[in-house]
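The sequence and the structure are shown first, and the description follows.

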Amino acid sequence: MLSRRKFIAASGATLALSLVSPKKASAQSLRLRRDLTKMTPDDRFFQQYAEAIARMHQLPESDPRSWRNQAIIHANFCPHGTLDFLQWHRHYLTFFEQICGQLIGEPNFALAYWNWSNQQGRIPEPFFADNPLNVEFWNDPSNYNSPSWGQIDTVGIRRLTENIGVQNLRGGDVFTEDEIEQIRRNSNFNLFSRELEGSPHNVGHVLVGVTRSSPFGHMASGLSPLDPIFWLHHCNVDRIWAEWQAAGNTTPSISNEYNQQFVNAEGDLVRVTANDTRDFTALGFTYETTLSDLTSPVVLAFGAGLDAPTPFLSEFLASADVGLRELGKADNTEVSHIDTATSIPVQADNLLTNLFGSHTFRTNSFLGTPRIAVEGDRILAILKNVTTPSPTDDAIVVEIFVNCPYLSATTPSDDPHYAGTFSFFGQHKPGMGKPEFVIDITNPLRYLAEKGLLVDNLVNIQLMPLAVVPEGRKQASFKVETIEIIRA
Ligand SMILES: [Cu+2]
């Protein structure tokens, strides 16, 4: 199989070109969010965060900053499956971070990001010790009836242990650095946001929260913020968005207003908008990984047979937003069930031509320095109008394969026909449209093309829903009504 990770270093690797860099405040004045998985157990962060959680538990029920009230904000207002998913959660994290800082008297207190790509996606040791970071330490019952999630009854447990990380579980390959990098390469915000949400974000909630049997752990529900790891899980989602932004990609304007949803460090309700989040340094924080300047971009090339581009970098910048092109679309009426493959054939025009075209994209994830890169075009499957399982039956991961003649529930995810995985999380809000999921199918298509198996331009998208734990609820069913194949 081709390795898209192998890159050919460009000729004339260092190009002296000054680029427009995103607005940057001085790094010292910003709260610096660091990688949780690289901290030693005696890092000050653990003690500060534990103290903040303890203080929030001590606040009276009437204080909107209490641990439970902060979690209820999520159950009442969080948007999932919408295009302000990232913006809403960025506000949510930032106000929470300021509340923590206020309560412990450390205004520079910064959250940390749980980098699932590191250490097989394990949670560090202090989260299992006898202290406020351990979800079992409090054992808060959720017991809440939410307008969008219905009755939530979860308890303080997690499926992960000190030795089992999310990458060790079925569906866990969405957390590898290769997969995250693939998501960051979407220069289109909608595709980027949906892939980030549906795959590592949703799968993370489900794999952490779905335990052997009901009641599940908090992370599987709308009251997931009752688990201290929630905030650091979302911080990692936010970090990936910040890196995508720092590389020069554009988040479109979304006019949503969030009035009286969040409270500030003093506990006062605030009025904010989705667009307020686009410049994260204006919100007072940054990440270790977004600090580098856009001063020495290097051109890299990805994919078989690609040479690094020779024209001037400015031309690549101008063309970095590759046009999206629909190659094919199909409707489906078949309902999907656990352990059973659903196959949806889509006729895609000019598949081979598009599979071996190329375009540039922006990334800052190599050695921490922003780069312009060229790669072979990618083909994405967009699963549209998805009728979701009921909230009590959605403890599943859905693996996607392409043109696999022998697909069964035991086909492993390192099979060359495997494309990606998504889960359902929080897409039940009344009146909300049916969610969409974005799956990158380039790798299996390139494998098939190399084997000469793509002659008739037929892309057979196969869904394999799997119960997260065998003891979990197994009756989940859902329907993907439309599939679109696009070139990105
Ligand atoms: Cu979430």
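In this predicted model, Ser 336 stands opposite Phe 478, a residue of strand 20. This position belongs to the pairing of strand 11 with strand 20, which run antiparallel and are joined by two bridges.

| Partner of strand 20 | Bridges and direction | An example of facing residues |
|---|---|---|
| Strand 10 (residues 325–331) | six bridges, antiparallel | Gly 328 opposite Ile 485 |
| Strand 11 (336–337) | two bridges, antiparallel | Ser 336 opposite Phe 478 |
| Strand 15 (residues 379–387) | eight bridges, antiparallel | Ile 382 with Glu 484 |

Strand 20 is also mostly covered, since eight of its eleven residues are buried. The term "buried" here refers to a relative accessible area under 20%.

**The chain as a whole**

The protein chain contains ten helices and 20 strands. Of its 488 residues, 59% count as buried. How many of the contacts between residues at least 6 apart in sequence join residues at least 24 apart? The share is 77%.

Four strands form an open sheet, in which the order is 12-19-16-17 and the pairing is antiparallel. The edges of this sheet are strand 12 (342–347) and strand 17 (418–423); each has a single partner strand, so one side of each is left without a neighbour in the sheet. From one strand to the next, the twist averages 25°. As a general principle, strands of a sheet pair through backbone hydrogen bonds, in either a parallel or an antiparallel manner.

Strand 12 pairs with strand 19 (residues 458–467) in the antiparallel sense, over six bridges. Within strand 19, Gln 462 is the residue that stands opposite Ser 343.

Two helices lie across strands of this sheet. Helix 10 (residues 442–450) lies across strand 16, strand 17 and strand 19, and runs at about 25° to strand 16. Helix 6 (residues 189–209) lies across strand 16 (396–402) and strand 17, and its angle to strand 17 is about 55°.

**The copper site**

Which residues coordinate the copper ion? They are His 201, His 205 and His 234, each through its NE2 atom, at 1.9 to 2.1 Å. Along the sequence, these donor residues follow the spacing H-x3-H-x28-H.

Are His 201 and His 234 buried or exposed? His 201 has a relative accessible area of 0%, so it counts as buried. His 234 has a relative accessible area of 2% and is therefore buried as well.

**The nonpolar cores**

The largest nonpolar core has 90 residues, and those with the most contacts inside it are Leu 36, Tyr 49, Trp 114 and Leu 232. This core draws at least three residues from each of two domains, namely domain 1 (27–290) and domain 2 (323–487). A second, separate core has 35 residues, among them Val 346, Ala 348, Phe 437 and Ala 449.

Leu 36 illustrates how parts of the sequence come together. Leaving aside residues up to four places away in sequence, Leu 36 touches Phe 45, Phe 46, Ala 112, Tyr 113, Trp 114, Pro 124, Phe 127, Ile 229 and Leu 232.

**Two residues with positive phi**

Most residues other than glycine have a negative phi. Gln 119 is not a glycine, yet its phi is positive, at about 50°. Gln 119 lies in the loop between strand 3 (112–113) and helix 4 (135–138). Its relative accessibility is 37%, so Gln 119 counts as partly exposed.

Asp 339 likewise has a positive phi, of about 65°, although it is not a glycine. The loop that holds Asp 339 lies between strand 11 (336–337) and strand 12. Where relative accessibility is concerned, Asp 339 has a value of 37% and therefore counts as partly exposed.

Terms used. Residues numbered from 1 in each chain as written. Predicted model: local features only at pLDDT ≥ 70, side-chain atom pairs only at ≥ 80, totals over all residues. Heavy atoms only, no water. Core = buried A, V, L, I, M, F, W, Y, C linked by side-chain atoms within 4.5 Å. Buried < 20%, exposed > 50% of the residue type's maximum accessible area, 1.4 Å probe, protein only. Domains from an automatic or database assignment. Contact = heavy atoms within 4.5 Å. Pairing = 2+ DSSP bridges. Axes fitted to C-alpha atoms, helices over the stretch in contact; angles between N-to-C directions. Donors = N, O, S within 2.8 Å, 3.2 Å for Na, K, Ca; no water.
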